[in-house]
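Let's walk through this protein together, starting with a few charged side chains and then stepping back to the whole chain. Keep the 3D view open and find each residue as we get to it.

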Amino acid sequence: MLFPLRPRLAATLSLMLSGSVAALAQSSTDALAPVRGQVTDATAAKPLPGAVVRWLGTADAATTDNAGSFALPRPARAEDSRLIINALGYSADTVAVATTVSPYVRVALRPSAELGEVKIEGRAPSYSSLTPTNTQVITSRDLTKSACCNLAESFETNAAVEVSTTDAVSGAKQIQLLGLDGAYSLLTIDNLPALRGLSTPYRLNYLSGTWIESIDIIKGMGSVVNGYESISGQVNVRLKEPEKAERLLFNAYGNDLGKFDLNLNLATPLSKKVSTALLLHSDHLGRRVDRNKDGFMDLPLATQYNVFNKWKYLSGKGLVTEIGLGALRETREGGQLSFRPDADDAYRQSYGFTSRTNRYTGFAKTSYTWPGRPYQSLGLLLSGTHHDFNSTYSYKQAPFEPRQYDGTQRTGLATLLFQSVIGTTAHTYRVGLSYLHDDYREVFRNGINYLNETPAARYDRQHRNRLENVPGGFAEYTYQNSRNLILVGGLRLDRHNLYGWQLTPRFNLKYDATKNSVLRLAAGTGFRVANPIADNIGSLLSAREFVISPNLRPEKAWNVGGSLTQYFTVAGRNATFVADYYHTEFQNQVVADMYTVPSLLLINNLESGGRSFSRSFQAEVQVEPVKGLTTKAAYKYLDVKTSYEGQLLRRPMTVPHRLFFNVGYATAFDKWRADFTVQGFGQRPLAPHPGEGHQHGSGEMSLPYSPRFALLNTQLTRAFKRFEVYAGVENLTNYRQDNPIQSAAAPFSQDFDAAMVYGPTYGRLTYAGLRFRIE
C-alpha cells in the first residue's frame, strides 16, 4: 500500500473484509444460460445434423439442426456436468462442460472407434448473441488498438460510447451513453458498482487500460441486482483475473506533450487454490504546453500513483473467494502559464486550478455453488470506498475570493444473493437483499460573500452534507426455452431514508427471429440522487455563478428501447449489422440551465409541465472481408432536449449527428497490426457566454453552434516474441477548436468561460510505447 489508511477508513475496511463471504455472479445469463455448441464430422469437417446431445444421468436432450448446432438447458439435478453426444454411424463421446461461464462446446465425432478431438472455448463476439441485453464487448485486444493508458481512452475504437472533455483547464472527461452524461450510466468493476458519486468527474482516469481484460457496454435497462441508479445503461469493466493474467506485463508510453505512463502487472499462483495479482500504474505530465498560444496550458500538469492488489481462492469444491484493495493519489494543476499555486495571492495574480485526490477502496466477495448443481449458488458481496479531494479555482477579481470545492464520500455496499432454478434451467430466478450507505460531505465556497449574510447562513450555504441509508430487496426471473426466446423480469424495492420507498421494475426480452436474426426489447426505470456540483464541474471553470435550489428532488426516468442484430457472411466470412433505438423520458431531472441567465448556472428540478428526454438511434455494421482485415462503420443520431423557462431546447454540448469508421489489419501471427479510425461530429449547440448578461429565450435557432469537424487517429504495432512496440498519431489533420477559452486574455472578467469545449485544444498528438509480457 502506497499511502497510510486513515484510522476510520482502515477500521471500516477491516470490519467489512474480515470474515466476509462475498459474491455476486458475473452475470445471471452467463451462469445459468443453456449450453450451446456444434457437432461436426471429424473426417469431413462438416456440420453433423441429427446428433443427440443429453446430460449424463438425465433424459434431457436436444438434437442438432442442419448446421450441427444445439442448445440444451441445464437440468435441475444431474450426476455431474457432462454431456453425452450420439449420432448414428459415429462413436459416442462424453464432454465435460465448464460451470463458471456460458460455454460453447465444439465436438468432432469420428466414424471409427477412435475418440474425436474435443475443444471447449468461450465465444466473445463484439455484439453478444447470447445475452438478453444489448451488449457490446471491448476485448483486451481491442484496447491495444489505441493509446489506451486509462479508461477514458478505451472507447476510441467504439461507436456506442462517446468521451468528451468537460472544460479546457482541468482535463476532466466523461462518457456519454444514449446522449446522456456519464452520471446516468452505471459504471461497475467486475459487476460491482464503483466510481460513482463525487468521483464521477475524473473517474475515467482512475483505471489503467492495462488492468482491463474486457469492457461490456450495455445499452438500456440492465439487471436490478446491480441497483437502481442506472438510467441510460451500464459499463462493466472486467479486471484481469489473478489465475489467468500474464505473469508479467510492463507497458511504457510517452507522447510529444511530455506525458509518460508506466504500468506493471504481476500475477502468480501461490498454490493450486490461491493466486494473486498486483496492478501498478503511474502517469506524469510536468511540461507546460500552450500550442494554441492563448496563455493557458492545453493540458493540466498531473501526477497519479495507482495500485490495486487482487487475491482469489478457488476451493475446487464450489467455494470461490476474492479480495481486493486499492489506493490512488492524484494531483492536478492547470490554468495560465504564469500560474504558480505556491505564490502569494496566486489565485488573484493569475488564473489557476488545483486539485488533490486520495482514494481508497476494498472489496471481498465469495460465492458457494452447490456440487452437481452449477445453477444454484449463494453469494455475499461487501465493498467500501473512501474518496477525498480538495480543489481551488480562481474566480473574479476582488472582492471575490477563489472558489473552493472540497468533498469526502464514504460508501459501503452489501448484497446477499441467491440464485437457482425452478425445475430446469429454462426457469431461473435470483433473489437478494442489499444495503447502501453513502456519506457525502461537500464544502463549496463560491467565491462570493453576500452582504448582511450571517455566519450561520453562510455555513449552511457552503456546506452540503447528505447521509443516505438504503436497505432494499430484489427478485429477478428468467425464462429461456433453449431455442429462441429469453425473458427477464426484475423488481427492486428500496427504502431510502431521505426519499421514502422506491420501486424499480425492469424487463428484457431476446427473441431469435431466425438463426441469424436477434431482436431485443428493454424497458424499466432508474432512480438517482444528483450531486449538482460534481455533475456540473466543468462550469466551475467559468465566470458563471452557481445558484442551486435548496429543494432538489431525486432524478427519475423511464427508458424504453430495443435493437436488431443481424449476423451474415461476406465472402464466406462473418459479419454483423446492429441497429438500436432508445427513448429516455425523465419524470424529474436536476436541470443545469445555462440558457435563461447566461451569467448564472441555475440548478433546479425539471420545471412543472416541462419535459426532458433523450432519443438515441444507432446503426453499425462490422465486416471482415478478408482474413486479418476488420472494418466497422456506424451512424448515430441523438435528439436530447430539455425545457428551459417554457422552451424545449437542445441540451448544450450534445452532438445530434455522429459518424464513425474503423479499419484494422493484422498479418499472420499478429506480427504487424495497423489501425485507422475516423470520427465525424456534426454541429452541437453551445451555451451563450456568461458575459452576455441577458435572458436567452428566443428559440433554438438563435443558439450558438459549433462547426462540423472530423478526427483521424492511427496506430502501428510490431510484435516480437515477448514484447511489442507501437506508435501512433491522434488527430492526424491537426484540427483545433477556435478559442476553446472565451476571454482567455481576461480570465477574471464576467465573460470568461472554459466550459464550452467541443474539440481538441492542442492539435496533433504523436506517441510511442512498449509492451513486454511473460505469460
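Start with Glu453 and Arg458, whose side chains meet in a salt bridge with N and O 3.6 Å apart. A salt bridge here means a side-chain nitrogen of Lys or Arg within 4 Å of a carboxyl oxygen of Asp or Glu. How covered up are these two? Glu453 has a relative accessibility of 17%, so it counts as buried, while Arg458, at 23%, is partly exposed. The cut-offs are these: buried is under 20% relative accessible area, exposed is over 50%, and partly exposed is in between (1.4 Å probe, protein chains only).

Before going on, keep in mind that this is a predicted model: local features need pLDDT of at least 70, side-chain atom pairs count only at pLDDT 80 or more, and totals for chains, interfaces and linings use all residues. Residues are numbered from 1 along each chain as its sequence is written, and side-chain values use heavy atoms, leaving out hydrogens and water.

Now look at Asp512 and Lys510, which form another salt bridge, at 2.9 Å from N to O. Asp512 is buried, with a relative accessible area of 14%, and Lys510 is buried too, at 1%.

Next comes Arg238, which has a salt bridge to Asp216, with the closest N and O atoms 2.7 Å apart. Arg238 sits in strand S17 (residues 233-239) and Asp216 in strand S16 (residues 212-219), so this pair ties together parts that are 22 residues apart in sequence. Strands (E, at least two residues) and helices (H or I, at least four) are DSSP runs, numbered from the N terminus. Both Arg238 and Asp216 are buried.

Salt bridges can also link up: Asp190, Glu241, Glu243, Lys310, Lys312 and Glu322 are joined in a network of them. In total, the count comes to 35 salt bridges.

Where do S16 and S17 belong? They are part of an open sheet of five strands in the order S10-S16-S17-S14-S15, with mixed pairing. Strands S10 (134-139) and S15 (192-193) stand at the edges with a single partner each, so one side of each has no neighbour in the sheet. Two strands pair if DSSP finds at least two bridges between them. S14 (residues 185-189) and S15 run antiparallel and are joined by two bridges; Thr188 has Pro193 in S15 as its bridge partner.

Finally, zoom out. The chain has five helices and 43 strands, and buried residues make up 58% of its 775 residues.
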